[in-house]
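Opened a new model today and went through it piece by piece. My notes are below the picture.

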There are 2 protein chains.
Amino acid sequence: MKFELLATDGAARAGRLTTAHGVVDTPIFMPVGTHATVKALGPDDLRAAGAQIVLANTYHLFLRPGHDVVKELGGLHRFMGWDGAILTDSGGFQVFSLSKLRKITEAGAEFRSAVDGSAHFLSPEIAVEVQQALGADIVHPLDECLAYPATREATERSLALTLRWAARSKAAHAAGAAGQAMFGIVQGGTDEALRSQAARATVDLGFDGYAIGGMAVGEPKPLMYDLTALVAGLLPANQPRYLMGVGKPEDLVASVARGVDMFDCVLPTRNARNGQAFTADGPLTLKQARYAKDAAPLDAECACYACRGFSRAYLRHLFMSSELLAYRLLTLHNVTFFLRLVRDMRAAIAAGGFGPFQARFLARYAVSSVDVSRD
Amino acid sequence: MKFELLATDGAARAGRLTTAHGVVDTPIFMPVGTHATVKALGPDDLRAAGAQIVLANTYHLFLRPGHDVVKELGGLHRFMGWDGAILTDSGGFQVFSLSKLRKITEAGAEFRSAVDGSAHFLSPEIAVEVQQALGADIVHPLDECLAYPATREATERSLALTLRWAARSKAAHAAGAAGQAMFGIVQGGTDEALRSQAARATVDLGFDGYAIGGMAVGEPKPLMYDLTALVAGLLPANQPRYLMGVGKPEDLVASVARGVDMFDCVLPTRNARNGQAFTADGPLTLKQARYAKDAAPLDAECACYACRGFSRAYLRHLFMSSELLAYRLLTLHNVTFFLRLVRDMRAAIAAGGFGPFQARFLARYAVSSVDVSRD
């Protein structure tokens with residue numbers, strides 16, 4: 001994997017990541033393909049939306065269908081019919097999300113499957129082995145994702161464990177030699193000193209890129225932005241930076257302004273299934289009665305199939321009738337919107353106009369107070 | 001609308017129906033788009049599957065979003081983004097399916113909405129008005145679909161009502177002059193004399209084509225085939241014949257052999273959502289464990305996107321994980337299979353080889369005993 005930094009504008013960066021499965025232009029948004037499928041979309045839809053890389057979840061594929069099955073069927077790219085790049089997380093965040101169903105020890109994480117209650121164990125070495133079997137282009141070390149808020153003592157203890165696991169993961173990864181890139185994950189909670197320490201220690205271990213983890217877990221937004229800027233400033237300029245699990249369109253813009261290159265989030269896909277469409281004017285909640293006879297497309301500026309072919313009234317009708325096509329079309333639109341947003345940011349950075357772009361975006365984009373994030 | 005009979009082979013016919021929305025090559029299968037969408041497919045998928053005409057349900061669109069809304073948004077073709085031909089039923093079969101929620105009088109059918117319990121009324125004139133607002137290429141008169149079994153007396157009474165409603169529907173249709181074709185519906189239950197009488201009386205009223213209704217409602221399969229042959233033999237040779245709500249692949253072959261040109265059925269779409277894929281060797285039930293590591297496509301002879309891009313193992317994984325993409329890909333495959341079947345029959349008829357085709361089909365196609373028809 002090769003990363004080239006092509007342009008900067010303040011802290012914002014435009015780059016190019018070259019993988020065995022194609023080029024990824026950064027900043028980039030990675031649609032989330034939890035079970036080896038971006039919910040409601042086919043690979044044809046993903047290509048049409050402009051996707052270059054998708055994320056798949058190690059934890060979910062470990063449980064179902066099993067990494068051995070995926071490997072036997074030719075690896076994740078072939079299994080899911082996606083010839084673009086793939087990034088897998090390490091399973092740390094999902095294990096963390098299980099709360100009472102998990103137990104963390106020095107050796108690794110014991111947990112019970114949310115699918116069938118069966119007992120499982122993920123160590124740093126097993127997480128690497130699973131990701132090597134899946135065959136993603138970019139993999140991650142097993143980390144512990146800390147709950148917010150946490151005491152300084154708990155944060156220190158957790159960070160130390162994550163760093164020991166990172167070293168073990170790196171060793172296992174090197175031994176496997178599967179031609180995959182591995183990103184380090186910077187944890188450290190919300191304490192600036194510990195975040196700085198985490199960044200430096202992770203860089204010292206040496207990875208192909210760096211993820212910023214443990215964000216968007218409940219901390220205030222300004223704190224997330226500040227910590228992102230702090231960590232990004234401590235990472236090597238010539239390697240990619242990935243802010244895990246973020247976020248809303250306004251978060252992407254704010255984080256690119258702070259030096260982030262890569263993002264993933266379930267927001268465009270999950271909210272699509274709950275009837276919310278993203279537009280340059282802000283999110284649109286389709287169940288509202290005012291769209292019942294609206295002949296306009298979701299977003300007049302969007303070239304996606306949903307916007308070219310159908311009215312808000314029709315899409316609302318599909319959504320209100322729980323028709324499966326609603327989920328595909330709304331997801332296609334939202335993923336297209338997120339990918340257009342990162343492409344527009346990239347063009348603004350290359351032209352040296354990221355500041356004005358950000359101002360125009362914020363002046364127009366109305367943050368929604370409607371919460372459709374249930375799933 | 002123009003119908004040309006291009007070739008016959010025994011009772012089997014190959015024809016061409018020319019509508020304002022393109023040519024329909026017969027025999028043809030019409031995917032069912034109940035709520036102005038063929039479940040799980042976009043118009044792009046329908047085109048890729050080879051669809052030339054789809055069915056939409058007057059009853060469902062009357063209730064939601066309402067024919068007035070569809071009309072205001074430019075009619076059904078524009079509303080659902082489908083520029084091929086559309087056929088609407090009259091709502092008679094759906095009202096019949098409501099059983100205890102309906103009351104039939106000379107004036108029409110009173111019923112309660114399955115959506116919200118509200119009271120509604122469909123008369124022959126209203127059913128025509130609704131279909132004119134929807135703007136389908138082919139419409140139908142309101143009919144009474146009789147339950148099986150029924151006494152001769154009940155059948156006579158019901159048939160007489162259907163014929164009086166057919167005359168009223170035809171008059172309303174002529175007055176509306178919306179440039180739509182109207183097919184008459186032949187009812188008459190399972191009594192051969194009454195079916196013959198129904199066919200002759202409906203032809204005497206004079207329509208652009210003829211539907212055979214009230215079939216596949218519980219009567220034995222041989223009886224359905226015999227009645228179909230009887231009615232088809234009494235219909236004008238130079239007009240299209242449509243067997244409503246039929247059926248399984250083997251039923252399509254048997255009915256084409258008896259002179260039918262057009263079919264609709266929820267089977268390929270509904271069974272897809274329940275994990276059943278149709279192949280030339282018979283239906284395949286994807287949840288079976290033997291497909292868990294099967295690298296083969298659903299059907300090696302199929303050129304659909306599901307078969308070109310994905311293994312049975314992956315499709316099974318999607319289905320077992322309740323992933324939305326499973327429904328799209330399986331539906332796309334099944335609709336492609338049904339449309340290939342009618343295309344193959346058409347070619348066999350044109351070549352004068354329908355008999356051998358039918359023998360080959362039956363020798364290979366293993367009828368499934370697995371019932372996945374729950375919905």
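This is a predicted model: local features need pLDDT of at least 70, side-chain atom pairs count only at pLDDT 80 or more; totals for chains, interfaces and linings use all residues.

Entry 1: I started with how the copies relate. A rotation of 180 degrees, with 0.0 Å of shift along its axis, puts chain A onto chain B at an RMSD of 0.0 Å. That is the relation of a two-fold axis. I then checked the contact residues of chain A, and 100% of them recur in chain B, so the same surface serves both copies. Which residue of chain A comes closest to the rotation axis? It is A:Leu324, with its C-alpha at 3.7 Å.

**Entry 2: the interface.** I looked up the contact next, which draws 34 residues from chain A and 34 residues from chain B. On the chain A side, the elements that each supply at least two residues are α1 (43–49), α3 (67–72), α4 (76–80), α12 (305–309), α13 (312–320) and α14 (324–350). By class I have 19 nonpolar, eight polar and seven charged residues on that side of chain A.

**Entry 3: domains of chain A.** Where they meet, 25 residues of domain 1 of chain A are in contact with 21 residues of domain 2 of chain A. On the domain 1 side, two or more residues come from each of β1 (2–9), β2 (12–19), β4 (28–30), α1 and α10 (249–256) of chain A.

**Entry 4: α7 and α8 in chain A.** Helix α7 (residues 152–176) and helix α8 (residues 192–205) of chain A have axes that come within 11 Å and cross at roughly 10 degrees. That makes α7(A) roughly parallel to α8(A), the cut-off being under 35 degrees. The contact residues of α7(A) include A:Leu159, A:Leu163 and A:Ala166, and those of α8(A) include A:Leu194, A:Ala198 and A:Leu205. I get eight nonpolar, two polar and two charged residues for the contact of α7(A) with α8(A).

**Entry 5: α8 and α9 in chain B.** Helix α8 (residues 192–205) and helix α9 (residues 221–234) of chain B pack at about 30 degrees, with axes 9 Å apart. Therefore α8(B) and α9(B) are roughly parallel to each other. The crossing of α8(B) past α9(B) is right-handed. From α8(B) come B:Glu192, B:Arg195, B:Ser196, B:Ala199 and B:Arg200, and they meet B:Leu227, B:Leu230, B:Val231 and B:Leu234 of α9(B). That contact of α8(B) with α9(B) has five nonpolar, one polar and three charged residues.

Entry 6: Most peptide bonds are trans, and most residues other than glycine have a negative phi, so I went looking for exceptions. The bond from B:Thr26 to B:Pro27 is cis, with omega near 0 degrees. B:Pro27 sits in the loop between β3 (22–26) and β4 (28–30) of chain B. The bond from B:Arg64 to B:Pro65 is also cis, with omega near 5 degrees, and B:Pro65 lies in the loop between α2 (58–63) and α3 (67–72) of chain B. In chain A I noted A:Ala40, a residue other than glycine with a positive phi near 80 degrees. A:Ala40 is in the loop between β4 and α1 of chain A.

Terms used
Residues are numbered from 1 along each chain as its sequence is written. Chains are lettered from A and ligands numbered from 1 in the order in which they are written. Two residues are in contact if their C-beta atoms, placed from the backbone, lie within 7 Å. Helices (H or I, at least four residues) and strands (E, at least two) are DSSP runs, numbered from the N terminus. Ala, Val, Leu, Ile, Met, Phe, Trp, Tyr, Cys and Pro count as nonpolar, Asp, Glu, Lys and Arg as charged, and the others, Gly among them, as polar. Axes are lines fitted to C-alpha atoms, for helices over the stretch in contact, and angles run from 0 to 180 degrees between N-to-C directions. Angles under 35 degrees count as roughly parallel, over 145 as roughly antiparallel, 65 to 115 as roughly perpendicular and the rest as oblique. A crossing is left-handed if the near helix is turned anticlockwise from the far one by less than a right angle, and right-handed if clockwise. Copies are superposed by least squares on the C-alpha atoms of residues with pLDDT of at least 70 in both.
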